[in-house]
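Have the sequence and the 3D view ready.

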Amino acid sequence: PFTCLSVASLSMSTESKSQSGDPKSATTPPAMPAPLSDVQIKYTKIFINNEWHDSVSGKTFPVYNPATGEKICDIQEGDKADVDKAVKAAREAFQIGSTWRRMDASERGRILNKLADLIERDRLILSTLECIDAGKPFATAYHADLPGVIKSLRYCAGWADKNQGRTIPMDGDFFTFTRHEPVGVCGQIIPWNFPLLMFAWKIAPALCCGNTVVVKPAEQTPLSALYVGSLIIEAGIPPGVVNIVPGYGPTAGAAISHHMDVDKVAFTGSTEVGKLIKEAAGKSNLKRVTLELGGKSPVIIFADADLDTAIEYAHHGVFYHQGQCCIAGSRIFVEEPIYEEFVRRSVAKAKTRVLGNTVTPGITQGPQIDKEQFDRILDLIESGKKEGAKLECGGSSWGDKGFFIQPTVFSDVKDDMRIAKEEIFGPVQQIMKFKTIDDVIKRANNTTYGLAAGVFTKDMDKALTCTSALQAGTVWVNCYSALSSQCPFGGFKMSGNGREMGEYGLHEYTEVKTVVIKISQKNS
């Protein structure tokens, strides 16, 4: 979804609808190969200093296919000792006079472009890994995630020799300028819902600005990141610049967050864990922290909206990737005059989703990532039933293996219900009713989150009123999930701190140094 195409337009493309977002027109879906049936899992070790290592402890952990519940392989389990090794390698690579620090900025850009080329070359392998490891429909991985990865790397490659300082007309006889310098060793903790895409969103701006990194992929989905470790070597990135330590959050993740020689941590994941990371930074060396956390994003649909478009975007905004998106538009506010029709057509749309093993052609909904998430979603669905929401469709598990949940729609949802307040992270759509613009803005903002929001209306006065009033890092008008490498992304309130991607994202990996030189006489 994190490409110049929106989630809805991509999904409509793979379902023989228009990429323009117009459900009335049709196009031929882009050509797509079949996923590899015999993909080899070559990389299961810890990647430090451009070498593959067993864990210091000798421990491994299993990785499972969430569509079948079957074990894919065992991965070397990194913990504090392995993080220490990785941080040491990253620090050595960052030393003044190192190959990486002396490299021309334009050469850093060339290397990032080379990495993008290699990922594009191996797009089929990586798409298959994302499919079996993360439970993504293959079309989603191939047509959305991998292009997003490639574009993110190329976008940041272009910035490598353009992140520059300024001269400043300081009072007095001084020559003053600023330098944009890398922060240093950056710890980067990746979520399981977009494993490779978030890997790219983390390493691309960091390397562009000249930092070195220690990456911890999610324990559920480490395969694509480890595969890219082999491409890091092939691209010519010097040893120690990128290190990848698979492991668990309470051990490897905590070691990165508490490490006294890590200068910055970037994390994408839950608000609960984000708080722990910020606390760890405060208790250690006050390292910089950027956080992209949870959401409970409102989508406001006025009676004058193009209803076909609104239904389509609202549907994909919450059901995309089984609802496992931080930006999921999971609180849908619909104006009273169109409420009943919106509910009826949304239910019909939800019933068209095709569930199954994500390597199978035509599948539009895969499994939840693991049993913990599966059980939590079902518990929230049960709470919706008990608290009086009307279950329109779905509401239970699907199939006899894997972690599948039926596409679920609730109507008559009240703001104080758990399903209206908590981040579900599953294929569950809540549809609420509103009467006035003032009322809906107040209700939309009545949450601890502030990641994203959507507004559907033909009245630009209403649209601009909402974009100003909604407390969210991104507000979409007459679209949803339209994300791009060029645009900054991040949240208000408890949805996080800082921004990723776009020019703003470079600031998070840059230290600004002011240099003041005494001169004999200044001339303008």
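When we say that two elements touch, contact means heavy atoms within 4.5 Å. Helices (H or I, at least four residues) and strands (E, at least two) are DSSP runs, numbered from the N terminus. Angles run from 0 to 180 degrees between N-to-C directions, along axes fitted as lines to C-alpha atoms, for helices over the stretch in contact.

A quick word on the source: this is a predicted model, where local features need pLDDT of at least 70 and side-chain atom pairs count only at pLDDT 80 or more, while totals for chains, interfaces and linings use all residues. Residues are numbered from 1 along each chain as its sequence is written, and side-chain values use heavy atoms, with hydrogens and water left out.

**The sheet**

Seven strands make up an open sheet with mixed pairing, in the order E14-E17-E18-E13-E12-E19-E20. Two strands pair if DSSP finds at least two bridges between them. From one strand to the next, the twist averages 20 degrees.

Further in, E12 (residues 298-301) and E13 (residues 331-335) run parallel, joined by four bridges. Here proline 298 sits opposite arginine 331 of E13. Helix H13 (residues 371-386) lies across E14, E17 (408-411) and E18 (428-434), at about 25 degrees to E17.

On a 1 Å grid over the protein atoms alone, a cavity is a set of points where a 1.4 Å probe fits but cannot get out; a pocket is an open set with protein on both sides within 12 Å along at least five of seven lines; lining residues have an atom within 4 Å of a point. Points are joined across faces, edges and corners, and a volume is the space filled by probe spheres set on them.

The search of the whole structure turns up four cavities of 30 Å³ or more. Here are two of them, with the largest pocket.

| Space | Volume | Lining residues |
|---|---|---|
| Largest pocket | about 1,200 Å³ | 40 residues |
| Largest cavity | about 80 Å³ | 13 residues |
| Second largest cavity | about 60 Å³ | 14 residues |

Closest to the pocket's centre are Trp192, Phe267, Gly269, Ser270 and Val273. H13 turns up again here, as one of the elements giving two or more residues to the pocket lining. Pro298 is among the residues nearest the centre of the second largest cavity.
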